[in-house]
Each structure stands twice: as C-alpha cells, then as structure tokens.
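Subject: Structure handover

Hello,

Here is the structure you are taking over. Please open the sequence and the model side by side, then read the notes below.

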Amino acid sequence: MADLASRITKPDEAPAAAPEAAPVSAPASEEPKAPENETSIEESQSNLVKNEYEVEIKLSDLQNDTESPLYSVSSFDELGLPEAVNRGLLAINFKKPSKVQEKCLPLMLSDPPRNMIAQSQSGTGKTAAFVLTVLSRIDLSKPHQPQALLLAPSRELARQIQTVVQTIGQFCENLIVEAAIPGAISRETGVRGSVVVGTPGTVMDLVKRRQFDISQLKVLVIDEADNMLDQQGLGDQCVRVKNMLPKTIQILLFSATFPDKVLRFAERFAPNANQMKLKHKELTVKGISQMFMDCPTEKDKYDILCKLYGLMTIGSSVIFVRTRETANEIQKRMEADGHKVSALHGAYEGQSRDVLLDEFRSGRSKVLITTNVLARGIDVSSVSMVINYDIPMKGPGEREPDAETYLHRIGRTGRFGRVGVSISFVHDRRSFEALSQIAQFYGIDLIQLNPNDLDDTERKVQEVIKSSRAQAEYVPSATDSAA
Ligand SMILES: Nc1ncnc2c1ncn2[C@@H]1O[C@H](COP(=O)(O)OP(=O)(O)OP(=O)(O)O)[C@@H](O)[C@H]1O
C-alpha cells in the first residue's frame, strides 16, 4: 500500500509531467536492430500541466510545444501525399501532423517500402498515420482489387478505421473500403474493395472460402499490434493471415503499448522494421488527470458509482468492468436510478453492438458501460471521464496487474490534446496493490478521492472538465464528423 500512497498527489497539487519523446530509428542493415533508439530526453515541466485548470489549451499551442506528442515542425503539404488525400485532410481540418505522423510517414512512404513498428501515446493520431500510407500506396484505377489489409482486434475498431479511411479518402475517386467483419461482406460478391479493414478471424474465413483475393495486397497494417500479436490472444490468427500474404508485403505495426516480449515477436513478424518507440514513463497522456477512490468494500462500489453520477453532469463517460455480468448489473441499477446508460460487451450480437456504439458516439447515450472489448482504439472525442470500476488484471488467475489495458482504457479520454479524468476504484489490498504497481510502472501521481466526500470529488472532476469546455474551438475528429 505504501507504494500507491507515495505516488498520491495532494488534491491541490498538479500531477507531475512525464517527459514525452518520439525517437525514430531506421536500421541500415538487414538484421533487425535492437531498439537502441531510446534517446534520453530532458526532463521538463510543461506549463500546460502546471496551470491545467486555468489555461485555455488550444491545439495550435500544443502543436508548437516541443514536449507534446502532437508537436511537429512540418505541414502535411511537405509530406508528399497525393493531392486528393491532402484535400481530405483539409476538409476535416487536420492542419498539422502530430509527432507520430510527421516522423513515421516519410519512413513508411519511402521506396522500396519498409516495415514499421510505431509506438505513440493514445489519441495522438496513429490511425491517420497508417491510413495516409495506405491511401498513398493504393492504385485507384483498380478499385475492386484488394491492395491494403488493415487488421484490428474488435469489430468496433475495424468499423471506426473504415470510417477514417473513407473520411480522409473522400476525394479519392473510386475508393472502395470494405469491412471484413461478421455479416458485412456479401457471400455472392466476396471482397470488392481496394482497402479492407477487418478482424483476423473473419479475414481468415473469407480467404479460406476464396472470397478475398489477397494476391495483390501491398500493405498489411496491424493496429493494436501488441494485443494482436500476443501469443495468448489473437497472435496465432495474425500469423496465419500473414503467412498467406505475398512475401513482399509492407507490414506496419501500431500501438500505444509494446511490452518487451511482444516487441521481440513483432520484430520477427515485421523484419527490418523502422521503429518509433517510447519509454514506460513517456506513455501517459498529460491531459488525463488520473484519480483513484478507495472504496470500503466491493459492494460499496455500486453505491458510490451511482451517487457519483447522481451528483455530476459530465459529457460522455465510459465505465470499464471486468465481466459482462457486472456490466449488466450496473446498467440495471443506474437505469433504475434514472440514468440513460448503455452496456456493450461480447454477449451482444454484432449489429446491436454497432447500434449501441453509434448511439454513444452521437451523444444520444452519455454513459457506456463496457468490458475490455472496447478498451483499445475507440475514439469518441467527447469522452471526458473514464471509470475503472475494476482494476484490469491479466495472466493465469488474473493475478497480475494489466498495465497495458489500464493505459488503453484511460486513453479513451484526453484525445489529441483534450483533457479528461480517469477514476480507478480499489476496494481491497489486492486491487490497491495492483493499482500501485501500475502507477509505479508509468510513474503516475494519482490523485486520491474521498468516498465519503463526493461533493469534493465532483469539484475536482469539474475543475478538469471545465477546462475541456474551454476547448470548444477544437476541430471535430475524423470519426466524429462521419458518425
Ligand atoms: N493531425 C491531426 N490534426 C487534428 N486532429 C487529428 C490529427 N490526427 C489525428 N487527429 C484526431 O485525433 C484523434 C485521435 O486519433 P487516433 O484515434 O488515431 O489516435 P490513436 O493514436 O490511434 O489512439 P489509440 O492509441 O487510442 O488507438 C482522432 O479524433 C483524430 O481524428
């Protein structure tokens, strides 16, 4: 317990800023190089963090702040993208690339094509980085010939990426983007698009049934690559898909997290890849104020949650729980208390899941209760609060804190320079220690909330969220604008 206590920030102190960096390496030899590129970065304290509650943070300010992952020196024009693609970026008001976009795009677009393993904090624009590469590589004179395959771990994320390709590619004539997710591809026609975004199981099925011609694929993108290549999870399926593809295919792996073990596997999966990597302590997003609440017992968590929502008016929020049963139970109780909430998890059939997420995106439903199925990648810019109702755990018997999932979950808020709050509930020694280890791993200073003083909690959360309202001039996101 001492660990967590030592990382607690007193309520009126601002959280310390973690240095952020985006070193890029381009190995010269054929041998995959060890990640030697973790250059040390000067420790510095951003004014944005110090004055978090008073300062109106503008995207343009962040993009001029050398410490921000959104910083860049160039404009999209300088990246040599096709003219139609630049028009698409203009239409959605993407003015300057973020660091991951600026650093990775020239490497990904160079010829002959090279593989890429790229790590960048949640909400910093990894999707546009690989989407721009895909749109630059495909031959639009062959609209029905699959040329790029993008894999994601959930149907929701695959649909979201499909929307981003369509939105940025809105001026690319004859662009057809298909989703290879259950129920989306007609059995009669098979895959008929140049860009295919899907989940690995459905892609495998389509290939086996000869409904997907993979012979001309030039680019394979794997989003959330650490999760997708994890041998405990989707790793086998991704390896099987890759083994069927042309040997010359360019492989692009993206994620906010790359645990060492998976990174070693990723380096074999995408040989000779250029790499952009971050250190643990650079991974957290400064705009997210991370808090925790020490609840007396597990049972009390329900009451505290309901009371919290009874008190607060916040934009959109996501509540992460461990099991579907808990999601259903919380939904029932909150609805009985008069809240409009949605629960989304794997027990729902695909199309109901689509409807539920669309309702949340559009703001018709403000609270989304979900499991880890939506922990990664989902981009809804209005989310200002994330609740970790259960601390994420992994491994046999779920004994180990799941630091990666924690980071992805809280990353559903604070997107592209916005601010947000995360509140993690702990209720016993085990959950307390798990959160403590996560805090230590990332060097986070957690702000403690008092379960007996929810007015104070409300005040602290509002202080942060208020500063997010000051960002009303923010551009809508590529996913928002198309939802
Ligand atoms: N250059 C840009 N200018 C303005 N907004 C941008 C730019 N690039 C991306 N965005 C917006 O930033 C938001 C976050 O981007 P994205 O979803 O790609 O993040 P990510 O890095 O993939 O995050 P995660 O790790 O959670 O998957 C999106 O709403 C996107 O539209």
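The end C-alpha atoms of residues 74–102 lie 7 Å apart, and this span is 45% helix and 0% strand. Helices here are DSSP runs of H or I of at least four residues, strands are runs of E of at least two, and both are numbered from the N terminus. The UniProt record, in an unreviewed entry, lists residues 74–102 as "domain: DEAD-box RNA helicase Q". UniProt positions are given in the numbering used here, feature names are shortened, and annotations may be inferred rather than shown by experiment.

Some ground rules. This is a predicted model, in which local features need pLDDT of at least 70 and side-chain atom pairs count only at pLDDT 80 or more, while totals for chains, interfaces and linings use all residues. Residues are numbered from 1 along each chain as its sequence is written, and side-chain values use heavy atoms, with hydrogens and water left out.

Glutamine 101 lies in helix α5 (residues 99–109). With a relative accessibility of 2%, glutamine 101 counts as buried (buried is under 20% relative accessible area, exposed over 50%, partly exposed in between, with a 1.4 Å probe and protein chains only). Its side chain reaches the backbone oxygen of glycine 125 at 2.9 Å. A polar atom of the glutamine 101 side chain also lies 2.9 Å from the backbone nitrogen of serine 98. Leaving out residues up to four places away in sequence, glutamine 101 touches Phe76, Lys96, Pro106, Thr124, Gly125, Ala128 and Ala129 (contact means heavy atoms within 4.5 Å).

Threonine 124 lies in the loop between β3 (116–119) and α6 (126–137). Threonine 124 counts as buried, at 3% relative accessibility. Among the residues that threonine 124 touches, again not counting those up to four places away in sequence, are Ser98, Gln101 and Phe416.

Salt bridges

The count comes to 19 salt bridges (a side-chain nitrogen of Lys or Arg within 4 Å of a carboxyl oxygen of Asp or Glu).

The side chains of arginine 376 and aspartate 226 form a salt bridge at 2.9 Å, N to O. Arginine 376 lies in the loop between β13 (367–370) and β14 (383–388) and aspartate 226 in helix α9 (residues 225–229), so the pair ties together parts that are 150 residues apart in sequence. Arginine 376 and aspartate 226 are both buried.

Aspartate 303 and arginine 333 meet in a salt bridge at 2.7 Å, N to O. Because aspartate 303 is in helix α12 (residues 298–311) and arginine 333 in helix α13 (residues 324–336), this pair ties together parts that are 30 residues apart in sequence. Aspartate 303 is partly exposed, with a relative accessible area of 33%, and arginine 333 is partly exposed at 30%.

In the salt bridge between arginine 459 and aspartate 456, the closest N and O atoms are 2.9 Å apart. These two residues are three apart in helix α17 (residues 454–469), which means that about one helical turn separates them. Arginine 459 is partly exposed at 38% relative accessibility, whereas aspartate 456 is buried at 17%.

Salt bridges with shared partners also join Arg155, Arg159, Asp354 and Asp358 into one network.

Helix α7

Helix α7 (residues 155–168) has 14 residues, and at 1.5 Å a residue it should span 20 Å; its end C-alpha atoms are 20 Å apart, which agrees. The expected span is 1.5 Å times one less than the number of residues. Twelve of the 14 residues of α7 are buried, including Arg155, Leu157 and Ile161.

Regards

Key
Polar contact = N/O pair within 3.5 Å; in protein donor to acceptor, adjacent residues only side chain to side chain.
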